[in-house]
Amino acid sequence: MAPWLTIVGIGEDGFNGLGKQARRALLQAGKVFGGPRQLDLLPHCIRAERLSWPSPFSLAPVLALRGEPVCVLASGDPMLYGVGASLARQVDSSELRVLSSPSSYSLAAARLGWPLQDVVTLSVVARPLAAVAAHLYSGQRLLVLSNDGDSPAALAELLRARGFAPSRISVLEHLGGAAERRIDGEASDWNPGAIAALNLVAIECRAAADAPRLSPLAGLPDSAFRHDGQITKRDVRAITLARLAPQPGELLWDVGAGSGSIGIEWMRAHPSCRALAIEADEGRQQLIEHNRDALGVPGLQLVCGRAPQALEGLERPDAIFIGGGVTREGVLDTCWAQLRPGGRLVANAVTLQSETLLMSWRAQHGGELTRIHIAQAQPLGEFDTWRQALPITLLDVVKPLDA
């Protein structure tokens with residue numbers, strides 16, 4: 001089928017900034033969809049019916065016109081945090097054309113002299129601001145698409161709260177248009193006055209001397225989490241996550257999540273990693289909610305309930321960690337049944353009863369058992385000695401592909 005749908009990326013310079021193909025598609029279209037701001041950029045010579053997106057947003061009006069000449073307007077590059085990506089999931093590539101303009105990221109990088117391949121690009125357009133926290137490292141450069149004129153101040157507050165008050169901020173308004181403006185400042189005393197709703201925030205991350213050092217690798221310090229003592233400790237957590245082996249796009253069940261530390265570090269491994277934290281205790285649920293936002297993974301989904309009952313109906317995972325309730329009847333078997341073929345199951349045991357259960361379960365399903373002993377140097381009078389933490393027995397098993 002010949003392309004009937006054309007997605008046109010339009011910048012602040014409007015119709016005059018479009019190429020010949022994009023202009024021709026708009027002139028030949030029967031209907032043009034877009035936001036009010038984008039539709040207002042079109043000249044009177046465009047005779048197509050102009051249709052604003054419905055509220056709540058839906059692609060249904062476009063999809064209902066399949067086969068008719070339709071144009072959709074998007075800002076800059078439609079395939080970069082744009083409607084083009086959504087439509088491409090619904091319309092076969094043979095039926096659609098995408099005619100891009102420079103993205104806001106490209107324009108901002110050009111204005112700032114930043115090599116775009118060395119920059120982290122983010123969006124807080126209808127997305128949680130807390131996700132930016134996962135990318136705060138001294139020397140890192142961020143380009144963040146704003147949700148509105150309040151976003152720059154909110155980002156400055158986030159930087160101050162996370163120990164990055166010395167960071168440099170540049171707000172670029174109306175990129176590529178006649179009203180383009182740049183405002184520079186520092187997060188520590190950011191107060192530039194009114195900001196246009198259409199803006200992008202550039203951040204040069206600079207950590208304060210007392211900022212916590214949070215690596216993207218597994219094994220964050222225990223102090224990075226709020227917890228009630230029920231937390232997989234730092235060294236054991238790093239070993240556990242190495243066995244879980246997160247990969248992009250995979251889903252983890254963190255069963256008996258406690259403070260949510262395993263699920264949180266799983267999601268910090270890659271932006272597309274997902275996790276469900278299953279926790280029955282109300283106080284610990286609140287700790288998980290705090291920790292996921294503070295450590296930049298607000299997408300971690302909290303499941304309030306006790307395994308195995310709370311596992312019913314959940315999306316099947318690629319990996320499962322059982323940190324609490326391993327001896328509860330049906331937990332191991334339910335987790336194993338729901339785990340995708342080729343998935344990894346890791347369970348930690350501290351008590352003799354839970355260790356015995358893991359040994360018995362391994363006899364049926366295979367896997368590896370590892371005993372972890374951690375000791376730390378602590379004062380003993382005028383001297384120091386080793387203080388041994390409780391040993392951990394770790395079961396690591398991969399589900400066969402034909403299971």
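UniProt places the feature "domain: Tetrapyrrole methylase" at residues 5-187, in an unreviewed entry; UniProt positions are given in the numbering used here, feature names are shortened, and annotations may be inferred rather than shown by experiment. This is a predicted model, in which local features need pLDDT of at least 70 and side-chain atom pairs count only at pLDDT 80 or more, while totals for chains, interfaces and linings use all residues. Residues are numbered from 1 along each chain as its sequence is written, and side-chain values use heavy atoms, with hydrogens and water left out.

**The five-stranded sheet**

- Five strands make up an open sheet with mixed pairing, in the order β6-β7-β10-β8-β9, two strands being paired if DSSP finds at least two bridges between them.
- Because β6 (120-123) and β9 (181-186) stand at the edges with a single partner strand each, one side of each is left without a neighbour in the sheet.
- Neighbouring strands of this sheet are turned by 20° against each other on average, direction ignored; axes are lines fitted to C-alpha atoms, for helices over the stretch in contact, and angles run from 0 to 180 degrees between N-to-C directions.
- β6 pairs with β7 (residues 141-145) in the parallel sense over four bridges, and the bridge partner of T121 in β7 is L143.
- Helix α5 (residues 104-112) lies across β6, β7, β8 (168-173), β9 and β10 (199-204), and runs at about 135° to β7.
- Helix α6 (residues 151-161) also packs on the sheet, touching β7, β8 and β10, and its direction makes about 20° with that of β10.
- V120, which has its place in strand β6, is in contact (heavy atoms within 4.5 Å) with H135, Q140, R141, L142 and L143, when its neighbours within four places in sequence are left aside.
- V120 and V144 are 24 residues apart in sequence, and their C-alpha atoms are 8.5 Å apart in space.

**The seven-stranded sheet**

- A further open sheet is formed by seven strands in the order β13-β12-β11-β14-β15-β19-β16, again with mixed pairing.
- β13 and β16 (368-372) stand at its edges, each with a single partner strand, so one side of each is left without a neighbour in the sheet.
- β15 and β19 (residues 392-398) pair in the antiparallel sense over six bridges, and V346 stands opposite D396 in β19.
- α7 packs on the sheet by touching β11, β14, β15, β16 and β19, and its direction makes about 155° with that of β15.
- α8 lies across β11, β12, β14 and β15, running at about 165° to β11.

**Pockets**

- The largest pocket has a volume of about 1300 Å³; on a 1 Å grid over the protein atoms alone, a pocket is an open set of points where a 1.4 Å probe fits, with protein on both sides within 12 Å along at least five of seven lines, and lining residues have an atom within 4 Å of a point.
- Grid points are joined across faces, edges and corners, and a volume is the space filled by probe spheres set on the points.
- The lining of the largest pocket comprises 44 residues, of which R37, Q38, S75, Y81 and V125 lie nearest its centre.
- At least two lining residues of the largest pocket come from each of α2 (36-39), β4 (70-75), α4 (83-88), α5 and β10.
- By class, this lining has 21 nonpolar, 17 polar and six charged residues, where Ala, Val, Leu, Ile, Met, Phe, Trp, Tyr, Cys and Pro count as nonpolar, Asp, Glu, Lys and Arg as charged, and the others, Gly among them, as polar.
- The second largest pocket holds about 1000 Å³ of space, and of the 46 residues that line it, Q230, I231, T232, G323 and V350 are the closest to its centre.
- α7 gives the most to the lining of the second largest pocket, with three residues, and the lining divides into 17 nonpolar, 18 polar and 11 charged residues.

**Backbone geometry**

- Most residues other than glycine have a negative phi, and most peptide bonds are trans.
- S55 and P56 are joined by a cis peptide bond with omega of about 0°, and P56 lies in the loop between β3 (49-52) and α3 (60-63).
- The peptide bond from A307 to P308 is cis, with omega near 10°, and P308 lies in the loop between β13 (301-304) and β14 (319-322).
- A126, in the loop between β6 and β7, has a phi near 55°, a positive value in a residue other than glycine.
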